[in-house]
Structures are given as structure tokens and as C-alpha cells.
Amino acid sequence: MKYCRRCLATDLRPNASFEEGVCIACRYSGVQGPDACRYSLKLDLLKHAIRRSRRGQANRQAYDCVVGVSGGKDSTRQAHWVRERLGLRPLLICCSYPPRQMSDIGAQNLSNLISMGFDLINATPAPATARELALQSFRQFGNLCKSTEMALFATVPRYAISMGVNTIFWGENPALQVGDGAVEGLDEFDGNSLRNLNTLTDGGSGWLAAAVPDAYKADHYFYPDRIEFERKKINIFYLGPAWDDWSNEGNATHAALSGLHLRPNEELDTGDISNASMLDEEFSNINLMIKYYKFGFGRTTDIVNERIRDHELDRASAIQLVRRYDGVCSDRIIESFCDYVGIGIDKFWDITNRHVNPSIFTIGAGRRPVPRFTVGVDHEG
């Protein structure tokens with residue numbers, strides 16, 4: 001495992017790409033020009049691309065665009081930014097979690113968006129199907145959120161197509177924000193390669209089709225194919241590159257002032273040092289813990305890397321935060337998931353340990369893996 005020379009990104013991230021020891025996201029952030037001029041120019045470029053896209057929309061009476069939302073800090077701010085900064089009429093699309101999984105805070109935050117005058121369509125997977133798929137994907141991939149992530153990303157373009165809207169907005173560009181090279185597009189705004197995300201491609205879709213034999217239920221999880229995108233002239237744009245103050249903390253502050261409910265003082269429960277992630281449910285915290293066991297980095301690493309690139313945190317201080325919080329997830333959350341899918345704690349750790357990377361962790365039966373590496377130091381396994 002090798003670390004980026006500038007931040008704490010590792011080469012174990014799926015689709016990572018290092019040049020001279022520097023990750024994609026740091027290379028991108030290191031070549032930017034003066035802020036005011038840069039973002040003014042990029043906003044103009046984005047607006048031009050949007051106008052060009054919307055000329056291809058067959059239904060001119062439809063909404064101007066679709067924005068995928070969860071009710072969290074980023075999507076709350078995106079909805080406002082699209083309406084107020086771009087002057088567009090957005091339709092918000094949410095693929096929410098089933099009732100037993102969704103948090104009260106998540107429901108309140110979706111209601112908050114509606115109270116601010118946004119039109120919102122909320123689609124929810126069939127609860128029993130979602131529960132079974134969570135268990136199946138946990139067993140097969142060590143990713144208990146794989147099916148819900150597939151549904152989340154598929155639902156937005158599916159509804160855009162059905163509503164006759166061809167312009168879709170997401171917030172951050174994963175290639176530039178965290179270094180996922182598989183989703184790089186023609187330029188920094190181009191999100192049409194989002195279908196290449198590791199969570200959508202790893203393991204294919206045959207496992208899900210086998211687990212959900214009813215096509216009308218399974219289709220909800222499948223991303224529209226390229227032919228459908230081209231036929232309907234669908235374009236996905238990332239907003240982040242044209243956003244002068246886009247950041248986890250900035251989005252959380254802005255969204256909180258707009259009525260978003262946060263989860264303060266839960267760092268030792270969820271490992272979230274921002275107190276503003278995964279507001280709509282808790283099981284994603286388990287997924288981020290397992291990601292840490294697979295690849296040697298988790299949510300804290302992604303957060304501190306952004307702060308390093310924004311010159312808000314030095315690498316040495318970032319290492320201390322990662323050592324303390326990466327991989328943290330309380331027993332309470334794990335026990336809640338086990339109750340949800342109907343397995344015992346021993347079975348949970350048995351399944352988890354099958355997906356742990358033994359070159360960077362020491363694995364012990366029925367307990368949490370122990371790291372064999374030192375954060376920030378290259379590890380030869």
C-alpha cells in the first residue's frame with residue numbers, strides 16, 4: 001500500500017492513479033488558477049454546457065433539470081444552488097431507504113426540502129427486497145449498501161427519462177474529489193461516465209437479478225444503458241468544479257442554516273468527524289468501516305484529504321485524525337444491522353473477516369481486525 005505524497009490517498013482505492021507519487025485529486029487541485037477568475041470562468045462554461053444540453057430536450061414544458069437528493073448536506077445545498085445560482089426549475093429525485101432503515105433525521109430533512117418550495121419525488125425499494133439484498137450483498141461483496149447504492153444512482157436517470165428531462169446534476173466529481181479514475185469524463189463537468197463507478201460495476205448485476213426474480217422489482221436497481229442515454233439525449237453534469245466554496249464543512253454549514261438537522265458529537269459512534277454525513281440512515285457507517293478493512297482508508301481519510309488540498313490541515317495533523325477515527329463504528333450500529341437482516345454478531349464478524357485485506361490487517365475470529373500498517377507510511381505487506 002502506497003500513499004500519495006501530498007495527502008493520505010492510497011493506491012488501494014479502486015481505480016486509483018498516481019503520477020510521480022501524487023493522486024488524481026491532488027494533481028487536479030494543484031493546477032488550478034486564482035480562485036475568483038477560475039470559478040467565474042468555470043461557471044460560465046457550465047452554463048453554456050447546460051444551455052446546449054437543454055436544447056436537446058424534447059419536452060420543453062418539463063422541469064429544467066433533475067437533481068438527485070438524499071436530504072443530506074450536499075444535496076440540500078445543491079438544490080438551492082441550482083435554483084438560485086443557475087436560475088433553473090429543478091425536480092428533486094430521492095431514492096430513500098426503507099422505513100426500518102431510514103432515520104428520523106433523514107425524514108425530517110426531506111420534509112425540509114419540500115417546505116422550502118421544491119418539488120420532490122421519493123422512491124423507496126420494496127422493504128423485504130431491500131433487506132434481503134442488503135444481506136446478500138454483504139455476504140458476497142462485503143458491501144451491505146451495494147444494492148441501495150445501485151438503486152440510488154439508477155433511480156435519478158430513470159425518473160429523468162420518464163419525465164422527459166435530459167439534464168441531471170450531481171455534486172462532486174468522484175475522479176477529482178477522491179481520485180476514482182474510472183468516472184473521468186470529457187471534461188471536469190462531464191458525469192456521463194458515472195455508470196463506471198466501482199459500486200455499480202464490481203461483481204456485475206447477475207447476483208441481484210438472481211436474488212430478485214421479479215423484473216418489475218429488479219429494474220429499480222439497474223442503471224439505464226448507454227443507448228437509452230443517447231436516445232433521450234441525457235447529460236449528467238457535476239456542479240462541484242464550478243462551485244467557489246464547495247466543501248464538506250461549507251455545505252454542512254449552509255445546509256444547517258437552511259434547516260438541515262445534523263448529528264453532532266457522534267464521532268466515536270460513527271467515525272464521522274464532520275457530524276454531517278450519512279444523516280438519513282446509519283448502516284452506511286458499517287460499510288465505511290468495512291471499506292477501511294478492505295483498502296486501508298475510510299471516511300476520515302476522504303475528509304482530511306479535502307482539507308489538506310484546501311490548505312486547512314497539514315498532513316501530520318491529518319494522520320492523527322485518521323489514526324483515531326478511520327474505521328470507527330459502534331457496536332450499537334452493528335447490532336442494529338444484525339437485527340435488521342437476522343444474523344448474529346459472530347456471523348457478522350465471520351462474514352466481514354472474509355473481505356478483510358490480510359496484507360494490511362491481522363484477522364482474528366469474532367473480533368475487529370487490527371491494522372498492520374502505519375498511517376501515512378508506505379506498507380509492503
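Which residue in β5 does Leu 92 stand opposite? Leu 92 stands opposite Leu 120, and the strands named here are DSSP runs of E with at least two residues, just as the helices are runs of H or I with at least four residues, both numbered from the N terminus. This is a predicted model in which local features need pLDDT of at least 70 and side-chain atom pairs count only at pLDDT 80 or more, while totals for chains, interfaces and linings use all residues. Residues are numbered from 1 along each chain as its sequence is written, and side-chain values use heavy atoms, with hydrogens and water left out.

**The sheet**

- Five strands form an open sheet in the order β5-β4-β3-β6-β7, with parallel pairing, where two strands pair if DSSP finds at least two bridges between them.
- The edges are β5 (119-123) and β7 (235-238), each of which pairs on one side only.
- Strand β4 (residues 90-95) runs parallel to β5 and is joined to β5 by five bridges.
- Helix α4 (residues 104-115) lies across β4 and β5, at about 150 degrees to β5, with axes fitted to C-alpha atoms, for helices over the stretch in contact, and angles running from 0 to 180 degrees between N-to-C directions.

**Gly 68**

- Gly 68 is found in strand β3 (residues 65-68) and is buried, with a relative accessible area of 4%; buried means under 20%, exposed over 50% and partly exposed in between, using a 1.4 Å probe and protein chains only.
- Leaving aside neighbours within four places in sequence, Gly 68 is in contact (heavy atoms within 4.5 Å) with Ser 75, Gln 78, Ile 93, Val 156, Phe 169 and Trp 170.
- The C-alpha atoms of Gly 68 and Cys 94 are separated by 6.0 Å, although the two residues are 26 residues apart along the chain.

**Helices α17 and α18**

- Helix α17 (residues 331-341) packs with helix α18 (residues 345-354) at an angle of about 100 degrees, their axes being 10 Å apart.
- That angle makes α17 roughly perpendicular to α18, a term that covers 65 to 115 degrees, whereas under 35 counts as roughly parallel, over 145 as roughly antiparallel and the rest as oblique.
- Where these helices meet, Ile 334, Glu 335, Phe 337 and Cys 338 in α17 face Ile 345, Phe 348 and Trp 349 in α18 by contact.
- The buried residues of α18 pack against α5 (127-141), α14 (284-295) and α17, and among those buried are Phe 348 and Trp 349.
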